[in-house]
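Here are my notes on the model, point by point. Please read them with the structure open.

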Amino acid sequence: MSFVYEKLFGDKKGLIGFCILAALILVVFPVMLDSFRLNLVGKYLTYAFAAVSLVLLWGYGGTLSLGQGIFFGIGGYAMAMFLKLEASSPENTAIQSTPGIPDFMDWNQITELPLFWMPFHSFSFTLFAVLVVPTIFAYIIGAAMFKRRVGGVYFAIITQVVSVILTVLIVGQQGLTGGINGITDLRTLNGWDITSDSAKTLFYFINCFLLLAVIIASRFILTSKFGRILLAMRDKEDRVRFSGYDVANFKIFIFCFAAMISAIGGAMFTLQVGFMSPSFVGIVPSIEMVIFAAIGGRMSLIGAVYGTLLINFGKTAFSESFPELWLFLMGGLFIAVVMFFPNGLAGLWEDYGHHLTKRLDFIKNLFSKSKSAADAIELKGSKS
Amino acid sequence: MNMSTNTDFTLAIEDLTVSFDGFKAVDNLNFYLDRNELHVVIGPNGAGKTTVLDLICGKTKSTSGSIKFLNKELTNLSEHEIVLAGVGRKFQTPSIYENLSVMENLEISYPKGRGVFGSLMFKHDAVVRDKILEVATQIMLEKALHTEAGLLSHGQKQWLEIGMLLIQDPQLLMLDEPVAGMSVKEREQTAELLNKISEGRSVLVIEHDMEFVARIAHKVTVLHQGKILASGDMKDVQKDPKVIEVYLGH
Ligand SMILES: Nc1ncnc2c1ncn2[C@@H]1O[C@H](COP(=O)(O)OP(=O)(O)OP(=O)(O)O)[C@@H](O)[C@H]1O
Ligand SMILES: [Mg+2]
């Protein structure tokens, strides 16, 4: 168990797993899928950022957050605010009573762009905000909780409460945030049409590269001494403290990092899907993200991506025919996984994968034998 | 006031009291420890021995009194700061990372890369490897470096935890019942180990096994109901009628 991360990533097998994932999302999907389906997969892969963040935070760190939607949402909203401002140029909004501000503000009798929207005219500020705002927010929550040694179930509940509060705020402040509908009608980025197929394909690839980069960065953290300390903390927090570590700082760091990753996913979501709404911030999406990680295997960064893809394919396929059954099915699946396969898909691969490798080895042996047989025949031939 | 007096002692505990809902587990304790001294605290169950260690290492906050380590007040420091000041502590039940290997257990205890960024950049280089091997040899686990700690015998777990303290090179080493669950041979080996490691530092040991105590102790203190009953040489303490009555008699 303890050497899982080494097995998955530290050695050849880990590299192979990473390459298979890279080949799947960078080559197989783009070749096999039409641009509509590819865009759909791209959307799923933005959730994978949050699932990967939960592998770090929950799987290794032992701290369950039921509020990763908060950070996914902040990242997504930051990007959406920039795109919305661009879509609300005075020419585009000439028919409004106050041209130059987003349409939902105009509908809510707001006559001036609110101060906190101003910096989102700048794309570089927006990118900065996507990364830094969620990190600072996570730092505040993390410092308040972990320094007081609040953890476990209490931490999970508090993150959930924060995500509810944020949703309520967004929905309630319709004039500032677009309310329940979210921020919609996003069309261009610096004048470039983001709704075109070519733009969507480009975003898909950017998204894939970012996801792979995030996995590599996470892997770096997990294979460093920091990763071992995370595991040690999950096992015996007190011992770590009495070995001279300020445990809270380590938890805060991993929580901030997880927040930043999730926010990148959120920003990529907005770019690929063309809108952002409170339904990606609240309890349901946050819990879904936990399920993605659990199904994929909460100790496996790569497993989390597969878990996300699998559940979302299932959701799309299933909810077309039986939308009301889907939630029950997912809940049941989650409980089954937690009870019977605590390490999810990655655990199944660990347990049964060797049968497959054995079979592969057998075939390889067969080939090498027949090759040496062929060599022998050749030798004979050359002798005669 | 004695809060501000400096002493030559490694550890100077003065008027230390802790009360749990009115129950005084440690009651107005005065205790001093010299450099190079190996001091054993004995006493019946519930005497407050473990609580004294809890107070020194910051696990429990005192109600009143002072704990000075190398003339530094410990009572208002947090756990990790006390460790950084040079205090190491072994718990009554072995507290090791069962899921990690012996090597990783020692690596985590290695006193470098203790900050967030330090640990991210920490390099497991030759110096670290040598130090880990040196300590592993001292605690007789050099052949088990890659064994998962959870698979070690109870005695070996105790040694591993001692090793985790040794690698930090603390000035004050506190061991709560280090030979509990050990075989006779392991006890002998542990006694030898403790005699060796007490050079150049102070060691505070809690133990019930009187034979073992006799082998290692420079000085013995008997604790009873949070108070010191007797203190001094092993021989004198063993003869003390009060001690015989509450502790050794049964
Ligand atoms: N955190 C706490 N809250 C309440 N009571 C406590 C606490 N810690 C210890 N006690 C009580 O203080 C007393 C002393 O306990 P302590 O563990 O120090 O005894 P000990 O001398 O180490 O005994 P043993 O030989 O059994 O290990 C006991 O009565 C115990 O129940
Ligand atoms: Mg005790």
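**Notes on the predicted model**

1. Start with a loop in chain B. B:N36 sits in the loop between β2 (23–33) and β3 (38–42) of chain B. Its phi is near 65°, a positive value in a residue other than glycine. Most residues other than glycine have a negative phi. B:N36 counts as partly exposed, because its relative accessibility is 38%. Keep in mind that this is a predicted model.

2. B:E177 also deserves a look. Phi of B:E177 is near 50°, again positive in a residue other than glycine. The residue lies in the loop between β7 (172–176) and α7 of chain B. Is B:E177 buried or exposed? At 11% relative accessibility, B:E177 counts as buried.

3. Next, the helix pair. The axes of α6 (residues 154–166) and α7 (residues 184–197), both of chain B, come within 11 Å and cross at roughly 10°. Angles under 35 degrees count as roughly parallel, so α6(B) and α7(B) are roughly parallel to each other. On the α6(B) side, B:G155, B:Q156, B:W159, B:I162 and B:L166 take part. They meet B:E186, B:Q189, B:T190, B:L193 and B:I197 in α7(B). The residues of this contact divide into five nonpolar, four polar and one charged.

4. On the cores: the largest nonpolar core has 167 residues. Those with the most contacts inside it include A:I25, A:F226 and B:L106. Apart from this core lies another, of 29 residues, among them B:V18, B:V52, B:L74 and B:L172.

5. Finally, chain A. Its domain assignment gives domain 1 (15–340) and domain 2 (344–384). The C-alpha centres of these two domains of chain A lie 43 Å apart.

Technical notes: Residues are numbered from 1 along each chain as its sequence is written. Chains are lettered from A and ligands numbered from 1 in the order in which they are written. This is a predicted model: local features need pLDDT of at least 70, side-chain atom pairs count only at pLDDT 80 or more; totals for chains, interfaces and linings use all residues. Side-chain values use heavy atoms; hydrogens and water are left out. A nonpolar core is a set of buried Ala, Val, Leu, Ile, Met, Phe, Trp, Tyr and Cys residues joined through side-chain atoms within 4.5 Å. Buried means under 20% relative accessible area, exposed over 50%, partly exposed in between (1.4 Å probe, protein chains only). Axes are lines fitted to C-alpha atoms, for helices over the stretch in contact, and angles run from 0 to 180 degrees between N-to-C directions. Helices (H or I, at least four residues) and strands (E, at least two) are DSSP runs, numbered from the N terminus. Angles under 35 degrees count as roughly parallel, over 145 as roughly antiparallel, 65 to 115 as roughly perpendicular and the rest as oblique. Contact means heavy atoms within 4.5 Å. Ala, Val, Leu, Ile, Met, Phe, Trp, Tyr, Cys and Pro count as nonpolar, Asp, Glu, Lys and Arg as charged, and the others, Gly among them, as polar. Domain bounds come from an automatic or database domain assignment.
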